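The sequence and model are shown first.

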Amino acid sequence: MIGEVVSTRVPKMVTVAVERIKRHRLYKKAIAKTKRFAAHNESLVLNVGDRVEITDTKPISKTKHFRVVKKL
């Protein structure tokens, strides 16, 4: 998934907001849904606003189930 970094407060972790666009079944209107994921970031230097690619992995902690693959 590709998203935008919205928080870098916790060491070795970033919060990534992923936006998905879906069409309404009846009215065909495009609806944007945003979901935030906690992602493990070991070595990349990231700032708020950077676009990153994340992938799922085994659970690292209670809330971290994703890791940062690369910075786009």
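## Salt bridges

The model is a predicted one. It contains 3 salt bridges.

Glu42 pairs with Lys12, with 3.4 Å between the closest N and O atoms. Because Glu42 sits in the loop between S3 and S4 and Lys12 in the loop between strand S1 (2-7) and S2, this pair ties together parts 30 residues apart in sequence. Glu42 is exposed, at 52% relative accessibility, and Lys12 is partly exposed, at 47%.

A salt bridge joins the side chains of Lys71 and Asp50, at an N to O distance of 3.6 Å. Lys71 belongs to strand S5 and Asp50 to the loop between S3 and S4, so distant parts of the chain, 21 residues apart, are linked. Asp50 has a relative accessible area of 16% and counts as buried because the cut-off is under 20%. Lys71 is partly exposed, at 44%.

Glu53 and Lys70 form a salt bridge at 3.8 Å, N to O. Glu53 is in strand S4 and Lys70 in strand S5, so the pair ties together parts 17 residues apart in sequence. Both are partly exposed: Glu53 has a relative accessible area of 26%, and Lys70 is at 42%.

## Nonpolar core

The largest nonpolar core has 11 residues, among them Val5, Val16, Phe37, Leu46, Ile54 and Phe66. Strands S2 (13-23), S3 (30-40), S4 (51-56) and S5 (66-71) each give two or more residues to this core. S2 contributes the most, with 3 residues.

Beyond its neighbours within four places in sequence, Val16 is in contact with residues including Val5, Phe37, Ala39, Val52 and Ile54. Its contacts also include Glu4, Lys35 and Arg36.

Key:
Residues numbered from 1 in each chain as written. Predicted model: local features only at pLDDT ≥ 70, side-chain atom pairs only at ≥ 80, totals over all residues. Heavy atoms only, no water. Core = buried A, V, L, I, M, F, W, Y, C linked by side-chain atoms within 4.5 Å. Buried < 20%, exposed > 50% of the residue type's maximum accessible area, 1.4 Å probe, protein only. Helix = DSSP H or I, 4+ residues; strand = E, 2+ residues; numbered from the N terminus. Contact = heavy atoms within 4.5 Å. Salt bridge = Lys/Arg side-chain N within 4 Å of Asp/Glu carboxyl O.
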